[in-house]
Amino acid sequence: MDTSTFPFDNTFAQLPERFYARLAPTPVSSPRLVRLNDALARQLSLDPAQLTCASGIEVFAGNVVPEHADPLAMAYAGFQFGSWVPQLGDGRAILLGELIDCDGQRRDVQLKGAGPTPFSRMGDGRAGLGPVLREYIVSEAMAALGIPTTRSLAAVLTGEQVIRENNLPGAVLTRVASSHIRVGPFQYFAARRDTEALALLADHVIQRHYPDLTSVDEPYLALLGAVIERQAALVAQWQLIGFIHGVMNTDNMSIAGETIDYGPCAFMDTYHPETVYSSIDHRGRYAYQNQPPIAHWNLAGLAQALLPLLSENEDEAVEKATAAINTFPECFKASYTAGLGRKLGLSTVDVGDEVLGSDLLERMARNKADFTLTFRYLSALSQTQNDADKPVRALFEDPDGFDQWAVLWRRRLAHDGVADSERQDQMRKANPLYIPRNHLVEAAIRAAEDSDDLAPFNHLVTVLASPYQQQPGADAYAEPPAPEQVVHQTFCGT
Ligand code: AMP
Ligand code: MG
């Protein structure tokens, strides 16, 4: 591999030493490539052929640190399941550096599972193949669905075992993000009353993610507002696609508004607002319906951390922060309602739309209807009731429940006045056919871990790259699980 393969241009590493620990990844015994994301490599102006040769794989495994990299583990704190943890940090991830992609966007390249760091606490710094594949599958599916997310550039096996409940094959994921800066580092410095570091971090984040704010009157207050807007829009998109993050701790909330840290995440099959999959979420704190209020709560934590930057007068700072935080519900609702309108094929906005949408969701919950397929099959319906209604009706335990709602929906469509074919086209772009269904993700992981068979994983990744487009021979990927295939719990595997 050419030494100039990674033309890193690192800015985070120029921040003071108390922002991170500098260290190289810990080498592994015998790396083997699982998958390279060719399209993402090209987006990063990297040559896939160089990356898949032996020396490229050595980089993804952490055995070779490429020239111009400044490997480091970031320091941060966070609230985990509501409890304050003053010292977290990258316990098993090492940032290699930043690249400028084809569109001029700065992107972090990080190895996850690259060995212990000063922030590892009791952990081994490693990742198992299963969680690495899960993150690869789901993050790339989210990107294809059009939802802001970290990406997966490569997965490699280490040739070593990781010790969890069972011994598992070890793996490293190369993760790409617009940055890996979370709410957590702000809380870390705020807790240490390090206002200088807070300002440096905020300036760095503004320059990198919110450059329009550099010249406004109160950039730090504007930063808070902008993060609130992006997070509200992000969580609205999660809700609209049936995605449950599973571990919405403040250290897992990106300051740039990307979905980050895929652990026990899952997509809902049958719709129910109280759905929880994560094995560690005993009280359902991060259940589907709690995601918007939890995001709001996390952002209040960010606001609190930023207080020293908002005003020298504490009361005034609190007043400004509170006003900003109070905009969250409105921001969320605006994104969510607009998105739900698109899912329902509405081209205009009407006062009754919200009720129309929530009425459908309530009926879906009562009738155990599949979330994804209800909206997708709805996209095929015409203004007049006919045979095309059959597939969506069949998703409801009591199809009458759907029929009653469809009368109201059709009345609303008539008012909208858009031709069926045009509306159906629009709806198919808002309602995916393929999502990373838990039983498919599980099957891909089982085949890889138990039989060293990567075919199901590779096939799944390929199908999920075009989630809105019906693909020949891919019917099984659209189907909900059979009763015996239903996954009830997901695990973070850390
Ligand atoms: P998570 O909720 O998975 O994002 O992880 C929470 C914290 O635990 C972060 O600080 C991680 O870096 C750390 N962590 C998770 N797994 C490991 C591991 N296997 N070894 C060391 N640290 C870990
Ligand atoms: Mg995390």
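This is a predicted model: local features need pLDDT of at least 70, side-chain atom pairs count only at pLDDT 80 or more; totals for chains, interfaces and linings use all residues.
Local features are reported at pLDDT of at least 70 and side-chain atom pairs at pLDDT 80 or more, while totals for chains, interfaces and linings use all residues. Residues are numbered from 1 along each chain as its sequence is written, chains are lettered from A and ligands numbered from 1 in the order in which they are written, and side-chain values use heavy atoms, without hydrogens and water.

**Exercise 1. Describe the overall build of the protein chain.**

Step 1. The chain has 18 helices and twelve strands, counted as DSSP runs from the N terminus (helices H or I, at least four residues; strands E, at least two).

Step 2. The radius of gyration, taken over C-alpha atoms, is 23 Å, close to the 23 Å of the globule rule for 494 residues, so the chain is as compact as a globular protein of that length. The rule is 2.2 Å times the number of residues to the power 0.38.

Step 3. Buried residues make up 57% of the 494 residues. Buried means under 20% relative accessible area, exposed over 50%, and partly exposed in between (1.4 Å probe, protein chains only).

Step 4. Of the contacts (heavy atoms within 4.5 Å) between residues at least 6 apart in sequence, 73% join residues at least 24 apart.

**Exercise 2. Characterise the contact of α16 (residues 438-451) with α17 (residues 455-464).**

Step 1. The two axes come within 7 Å and cross at roughly 145 degrees. Axes are lines fitted to C-alpha atoms over the stretch in contact, with angles from 0 to 180 degrees between N-to-C directions.

Step 2. Leu 440, Val 441, Ala 444 and Ala 447 of α16 meet Pro 456, Phe 457 and Leu 460 of α17.

**Exercise 3. Identify the protein donors of the magnesium ion (ligand 2).**

Step 1. Asn 252 (OD1) and Asp 261 (OD) lie 1.9 to 2.1 Å from the ion. Donors are N, O and S atoms within 2.8 Å of the metal (3.2 Å for Na, K and Ca); water is not among the atoms, so sites may look incomplete.

Step 2. Both Asn 252 and Asp 261 are buried.
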